[in-house]
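User: Please take a close look at one helix of this model. Then place it in the chain around it.

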Amino acid sequence: MRVLLAGASGAIGTPLTRQLIAAGHQVVGISRSPANAERLRHAGAEAVVADVLDRENLLAAVRDVRADAVVHELTALGSPKLRDAMRGTNELRTTGTANLLAAARAVGAHRFVTQSIMLGYGYRDHGPRVLTEDDPFGEPVGGMLGSAVAAMRSAEEQTFSADGIAGVALRYGFFYGQDSMTRMIVNLVRKRRLPVPSSAGHTTFIYLEDAAAATVAALEKGRAGQAYNIVDDEPVRWGEYLDTLAAAFGARRPWRVPSWVLRPIPYLHAMMTTSMRVSNAKAKRELGWAPAVPSYREGIPLVARATR
Ligand SMILES: NC(=O)c1ccc[n+]([C@@H]2O[C@H](COP(=O)([O-])OP(=O)(O)OC[C@H]3O[C@@H](n4cnc5c(N)ncnc54)[C@H](OP(=O)(O)O)[C@@H]3O)[C@@H](O)[C@H]2O)c1
């Protein structure tokens, strides 16, 4: 397949580009930066320079591109301010998805894979039940997280309802691996600047190489109109994950604090007080995929080895 990949230079885009090429696909990466576009060419991809939020600019940049599929892996998580990161990522899920669907039509693609995140099941305590793709996703909520959840829902709805395009959504767990976000968390843990609420619940991670492998499988085998949870095999409490990370880097155990201490950072508070266990059974069954790194127990030592 010829794949137009938005976010090819990002945390998942980098291993995804490599794995797509290794699987015999051709990649045309989109980046806003000529330097990143050059890096993509070095990695064996073609590249176009465009801002996905600027529809005219995007459509002009892909004028001479033909592709069978488009993959959306965009975020603004790199913005230094959390509020900008959230707002920017929302826009990439709403306007960005609409613009990429227009680009998909322009390049002749009939397949579209969009990113999503398991937090769309709702920022709350889901108890011990394991969530599947049949659980409500993107249900309207009020407050600051309302726009984040609405943007996740918008990305999926646009993808599933696009005429003549087979759309698939991937609800990833939190990424970790050889990326800047993991390095930032390791730094915070080392400096004991990432306290954990004593009541912090369960969450789900996915090792980046596994997330990329699942994305290749979804591109090849995902059914139109379907969402797949892309998470590893073992939900883990935040405290246990961060303790294991600290131990792997020879750092002291993160502080335990009452959850109100994190309230001044509302998004962090919401993430750490949300508790969810998420199933990957559908992705295993339908995509023929399974995580090579089944849990943080195997993944964190890999991160530590690569970072030292
Ligand atoms: N990180 C997580 O834990 C996590 C978990 C679940 C789901 N997800 C989702 O998975 C997707 C990929 O995440 P990631 O962590 O790989 O992201 P990332 O490392 O922050 O990479 C973001 C990518 O988006 C590109 N980009 C941003 N704005 C753009 C724009 N206006 N036009 C064109 N390109 C733009 C950047 O390219 P240039 O800078 O080269 O332009 C970069 O390649 C995201 O949608 C994210 O929400 C992430």
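**A helix and its setting**

Buried residues make up 44% of the 308 residues in the chain. Buried means 20 or more other C-beta atoms within 10 Å of the residue's own, exposed means 12 or fewer, and partly exposed lies in between; C-beta atoms are placed from the backbone. This is a predicted model: local features need pLDDT of at least 70, side-chain atom pairs count only at pLDDT 80 or more, and totals for chains, interfaces and linings use all residues. Residues are numbered from 1 along each chain as its sequence is written.

The chain holds 11 helices and 15 strands. These are DSSP runs, numbered from the N terminus: helices (H or I) have at least four residues, strands (E) at least two.

Now the helix itself. H5 covers residues 144-161, 18 residues in all. The expected span is 1.5 Å times one less than the number of residues.

Which residues of H5 are buried? They are Ala148, Val149, Ala151, Met152, Ala155, Glu156, Gln158 and Thr159. These buried residues pack against H4, S5, strand S7 (166-172) and strand S12 (226-230). Contact here means C-beta atoms, placed from the backbone, within 7 Å.

Helix H4 (82-107) and strand S5 (111-117) each give two or more residues to the shell around the ligand, as do strand S2 (26-31) and strand S8 (174-176). In that shell, 29 residues surround the ligand; the closest are Gly10, Ala11, Ser31, Arg32 and Tyr172.

A nonpolar core is a set of buried Ala, Val, Leu, Ile, Met, Phe, Trp, Tyr and Cys residues joined through C-beta atoms within 7 Å. The largest has 84 residues, where Leu4, Leu5, Val70 and Ala214 touch the most other members. Helix H7 (residues 208-221) gives the most to this core, with 9 residues. A second, separate core of 6 residues includes Met86, Val149, Ala151 and Ala155. Val149, Ala151 and Ala155 are among the buried residues of H5. In soluble globular proteins, nonpolar side chains tend to be buried together.

Conventions:
A residue is near a molecule or strand if its C-beta atom, placed from the backbone, lies within 6 Å of it. Two residues are in contact if their C-beta atoms, placed from the backbone, lie within 7 Å.
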